[in-house]
Protein chains: 2
Amino acid sequence: MPRLKLTVAYEGTLFHGWQRQEPPPPEVPLRTVQGVLEQAVREAVREPVTVIGASRTDAGVHARGQCAAFTCADLRIPLDRLPRAINARLPDDVQVRKAELAIDGFDPIRDCIAKGYRYRVVHGGRRRALPPLFRRRLTTYTFHRLDPELMNEGARRLLGEHDFASFAQINHGRETTVRTIFQCKVEATSPSRCQLDIAGSGFLYNMVRIIAGTLVEIGRGKIPPERIPDILAARDRTAAGPTLPPEGLCLMWTKYPESVLMQPLTSRHTS
Amino acid sequence: MPRLKLTVAYEGTLFHGWQRQEPPPPEVPLRTVQGVLEQAVREAVREPVTVIGASRTDAGVHARGQCAAFTCADLRIPLDRLPRAINARLPDDVQVRKAELAIDGFDPIRDCIAKGYRYRVVHGGRRRALPPLFRRRLTTYTFHRLDPELMNEGARRLLGEHDFASFAQINHGRETTVRTIFQCKVEATSPSRCQLDIAGSGFLYNMVRIIAGTLVEIGRGKIPPERIPDILAARDRTAAGPTLPPEGLCLMWTKYPESVLMQPLTSRHTS
């Protein structure tokens with residue numbers, strides 16, 4: 001039975017997050033990415049498949065490279081036409097960007113070796129007095145003026161393996177709060193815009209949004225960047241900054257070992 | 001009685017265009033930029049003012065530099081705080097970006113000396129197979145692959161004074177269809193994105209969207225750019241390309257002579 005790996009993009013604005021939320025009748029099911037995608041896949045492959053995802057993104061959070069997987073008994077559509085067949089059944093705020101054949105038992109959560117997120121902020125830098133208009137669904141706004149270089153000084157102190165208990169929502173339900181961050185960088189993209197790029201082996205619940213909130217506090221001068229080691233050491237949620245809203249967050253990519261994919265038969269000969 | 005000139009930006013997606021559409025009860029008024037803005041201005045200045053605009057943009061069309069004007073009997077808010085006072089009463093898809101004191105009788109339609117529009121297109125260039133996701137409300141999509149250089153060759157043939165009858169929706173209701181275009185340029189902004197920047201003294205109804213539609217026909221090789229003079233000479237709507245959808249269009253700026261503004265009293269002395 002073929003197992004399929006999909007790369008999925010969505011604008012999270014009008015979704016109640018990734019995870020299916022279908023309470024028993026008479027309550028109406030909420031609009032979720034998983035629910036909408038699963039329905040489209042079922043229609044495309046004409047089987048009652050179950051779709052699971054790598055990251056259960058929250059309501060309002062976007063994705064460019066979410067990974068989803070399903071198994072079907074008999075894939076009657078050529079693999080290269082599968083994205084188009086699913087997309088034809090999807091609304092305009094979610095897209096399948098790639099379909100690949102995975103090995104039996106491929107698990108998008110367990111097999112994921114890294115994820116990358118971006119958090120976008122528009123701030124009151126250099127005379128800007130208005131929140132974003134055309135990008136308001138994709139960025140978070142603060143009227144404070146931020147110093148992205150100061151934020152970056154804080155960001156690089158988060159690199160490496162740390163206990164991120166201070167940066168996790170309480171009741172996160174995970175056994176260990178130790179995670180490894182191998183990219184953490186703040187860049188100014190205009191005088192009033194900056195973005196945090198962060199990548200790691202795994203993230204705790206709300207971890208990126210709490211890191212972004214702490215770096216914004218640093219950027220406006222409320223916390224010095226040298227305080228990051230103390231905040232980590234505290235292992236206490238109240239030591240870090242606020243949780244920023246979901247609209248600035250985007251799951252940019254998810255990474256898997258090559259071995260999760262079926263190797264295509266090539267026509268190349270070894271000479 | 002002070003006359004105010006406002007610079008207004010909006011995302012047109014959720015508006016039924018600029019112009020107020022309030023049929024008599026029991027029908028409900030449609031959500032229009034003029035209606036929403038006028039209501040916010042009335043609350044801010046506490047007078048039942050009437051707001052008029054330079055351009056009656058269609059449903060779905062965006063603006064960065066629409067001009068609006070109103071007269072009030074007594075402006076009790078300092079001019080520099082007026083945008084904030086109005087914005088506090090506006091929804092998040094419309095913003096007042098500037099407020100200036102205009103002369104008595106300032107008319108945003110009659111006094112306008114130039115307008116600039118941008119039309120954005122995402123196309124099937126270089127292997128792109130999907131419509132835009134995050135920018136879908138701000139661009140038009142065609143799965144055809146376009147050649148922006150060819151489009152630009154067509155665009156520059158529209159420069160100057162011409163009879164644009166071929167590029168006007170029939171029943172446009174204007175006496176003359178002669179207009180002067182002093183900027184008309186197509187630029188590629190990525191391998192699958194391009195934009196038309198067009199500026200002129202005035203535009204006929206749907207003129208920019210029909211010009212964009214004709215340039216897209218040129219870009220996909222259906223019309224050679226050398227045909228533009230013939231299309232102009234035909235003075236017949238059917239000679240030009242299709243009217244493209246509204247979401248790609250944005251009114252970028254509106255220009256007025258300096259003389260429509262009240263000159264602020266300066267403290268500088270002539271020596």
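1. The side chains of B:R137 and A:E11 form a salt bridge, with N and O 2.8 Å apart; the term is used here for a side-chain nitrogen of Lys or Arg within 4 Å of a carboxyl oxygen of Asp or Glu. This pair crosses between chains, running from B:R137 in the loop between β5 (114–123) and β6 (140–142) of chain B to A:E11 in the loop between β1 and α1 of chain A. Helices (H or I, at least four residues) and strands (E, at least two) are DSSP runs, numbered from the N terminus. Both B:R137 and A:E11 are buried, where buried means under 20% relative accessible area, exposed means over 50%, and partly exposed lies in between (1.4 Å probe, protein chains only).

2. On provenance, this is a predicted model, in which local features need pLDDT of at least 70 and side-chain atom pairs count only at pLDDT 80 or more, while totals for chains, interfaces and linings use all residues. Residues are numbered from 1 along each chain as its sequence is written, chains are lettered from A and ligands numbered from 1 in the order in which they are written, and side-chain values use heavy atoms, with hydrogens and water left out.

3. A salt bridge also joins the side chains of A:D92 and B:R136, at 3.3 Å from N to O. This pair likewise crosses between chains, from A:D92 in the loop between α2 and β4 of chain A to B:R136 in the loop between β5 and β6 of chain B. A:D92 counts as exposed because its relative accessibility is 53%, whereas B:R136 counts as buried because its value is 13%. Salt bridges that share partners join A:E11, A:D92, B:R136 and B:R137 into one network.

4. Within chain A, A:R31 forms a salt bridge with A:D93, the closest N and O atoms being 2.9 Å apart. The pair links distant parts of the chain, with A:R31 in the loop between β1 and α1 and A:D93 in the loop between α2 (82–87) and β4 (94–102), 62 residues apart. A:R31 has a relative accessible area of 29% and is therefore partly exposed, while A:D93, at 3%, is therefore buried. Over all chains, the count of salt bridges by this rule comes to 26.

5. A patch of positive charge on the surface gathers A:R64, A:R97, A:R135, B:R64, B:R97 and B:R135. Patches are made of residues with over 30% relative accessible area and no salt bridge, like charges being joined within 9 Å and nonpolar side chains (Val, Leu, Ile, Met, Phe, Trp, Tyr) within 5 Å. Lys and Arg count as positive and Asp and Glu as negative, with His and the chain ends not counted, and the place of a charge is taken as NZ of Lys, CZ of Arg, CG of Asp or CD of Glu. Of these members, A:R64 lies in strand β3 (residues 62–71) of chain A and counts as partly exposed because its relative accessibility is 32%.

6. A negative surface patch is formed by B:D147, B:E149, B:E153 and B:E226. B:E226 is found in the loop between α4 (207–219) and α5 (228–234) of chain B, and its relative accessible area is 46%, so this residue is partly exposed.

7. The backbone deserves attention at several places, given that most residues other than glycine have a negative phi, and most peptide bonds are trans. A cis peptide bond joins A:P25 and A:P26, with omega about 10°, and A:P26 lies in the loop between β1 (3–10) and α1 (33–45) of chain A. In chain B, a cis peptide bond joins B:P25 and B:P26, again with omega about 10°, and B:P26 is placed in the loop between β1 (3–10) and α1 (33–45) of that chain.

8. Two residues other than glycine with positive phi may also be noted. A:R235, with phi near 50°, lies in the loop between α5 (228–234) and β10 (249–255) of chain A and counts as exposed because its relative accessibility is 52%. B:N206, with phi of about 70°, lies in the loop between β9 (193–200) and α4 of chain B, and its relative accessible area is 12%, so B:N206 is buried.

9. As to overall form, the secondary structure of chain A comes to 5 helices and 10 strands, and 53% of its 271 residues count as buried. The C-alpha trace of chain A spans about 60 × 50 × 40 Å along its principal axes.

Technical notes:
Areas by Shrake-Rupley, 256 points an atom, 1.4 Å probe, with all protein chains shown as cover.
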